Amino acid sequence: KKADFKARVIEKSDGMKQKIRTRLLQSFMFAHLNEKDLNVVIDAMEEKIYDEGATVIKQGDDGAELFLVGAGVLECFKVFKKGDPAKKLREYEPGEAFGELALLYNAPRAATINAKTNVGRYSGDRYTGNLIVKDSAAKKREKYEQSLKNVKVLDSASAYERSQIADAIKEEHY
């Protein structure tokens with residue numbers, strides 16, 4: 001339960017927090033978080049450094065972390081059929097994230113990621129990510145569904161249709 005949850009806090013500079021914030025807000029999974037929840041996720045993120053050629057994640061392994069690239073370039077490879085060589089799918093550069101789906105759905109890693117250069121990346125754990133993201137998404141949906149019930153033009157919309165609209169709403173702050 002969120003009430004029993006005590007997020008880890010890893011000390012970091014304000015500059016590092018801002019870099020992580022910028023990266024998180026570029027990810028679909030974190031863009032909807034309110035300021036308080038975003039800060040919990042930022043505080044729980046940990047920086048890790050990899051040398052050129054190092055394997056960051058391996059296809060088939062447990063997916064327990066989300067990764068944000070802070071510096072360097074990573075290469076993504078996938079074996080589509082057992083016994084075939086790995087195929088290069090893409091490269092990840094600073095500002096990009098990977099591992100969201102394994103984090104959310106407790107799925108094994110879908111590909112192998114290797115450091116093409118020396119790499120600095122930030123990682124967040126499954127427990128913090130799941131609890132904060134899922135709770136925030138549920139609260140957001142509930143809030144917007146309640147508001148949408150009062151929109152006259154949506155009187156004929158089903159509860160499911162209103163929930164779909166609620167999920168598509170993007171909040172802006174000024």
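A pocket is an open set of grid points with protein on both sides within 12 Å along at least five of seven lines. Keep that in mind for the first exercise, and remember that this is a predicted model.

**Exercise 1.** Describe the second largest pocket: which helix gives the most to its lining, and what classes of residue line it?

*Solution.* Start with the volume, which is about 270 Å³. Next, look at who sits around it: 15 residues line the pocket, and those closest to its centre are Phe98, Gly99, Leu101, Ala102 and Ala110. Now check the helices. Helix 3, residues 100–105, gives the most to the lining, with three residues. Last, sort the lining by class: you get twelve nonpolar residues, one polar and two charged.

**Exercise 2.** Work out which strands stand at the edges of the four-stranded sheet.

*Solution.* Write down the order, 2-7-4-5, in an open sheet with antiparallel pairing. Strand 2 (55–57) and strand 5 (87–92) each have a single partner strand, so one side of each is left without a neighbour in the sheet. From one strand to the next, the twist averages 30 degrees. Now zoom in on strand 4 (residues 74–78) and strand 7 (residues 112–115), which are joined by four bridges.

**Exercise 3.** Find out which residues of helix 5 are buried, and where they lie around the axis.

*Solution.* Buried means under 20% relative accessible area. In helix 5 (residues 159–168), that gives you Arg162, Ser163 and Ala166. These residues cover an arc of only 100 degrees around the axis, so they lie on the same side of helix 5.

Terms used: Residues numbered from 1 in each chain as written. Predicted model: local features only at pLDDT ≥ 70, side-chain atom pairs only at ≥ 80, totals over all residues. Heavy atoms only, no water. Pairing = 2+ DSSP bridges. Helix = DSSP H or I, 4+ residues; strand = E, 2+ residues; numbered from the N terminus. Axes fitted to C-alpha atoms, helices over the stretch in contact; angles between N-to-C directions. 1 Å grid on protein atoms, 1.4 Å probe; cavity = no way out; pocket = protein on both sides within 12 Å on 5 of 7 lines; lining within 4 Å. Points joined across faces, edges and corners; volume = space filled by probe spheres on them. Nonpolar A, V, L, I, M, F, W, Y, C, P; charged D, E, K, R; others polar. Buried < 20%, exposed > 50% of the residue type's maximum accessible area, 1.4 Å probe, protein only. Arc of directions from axis to C-beta.
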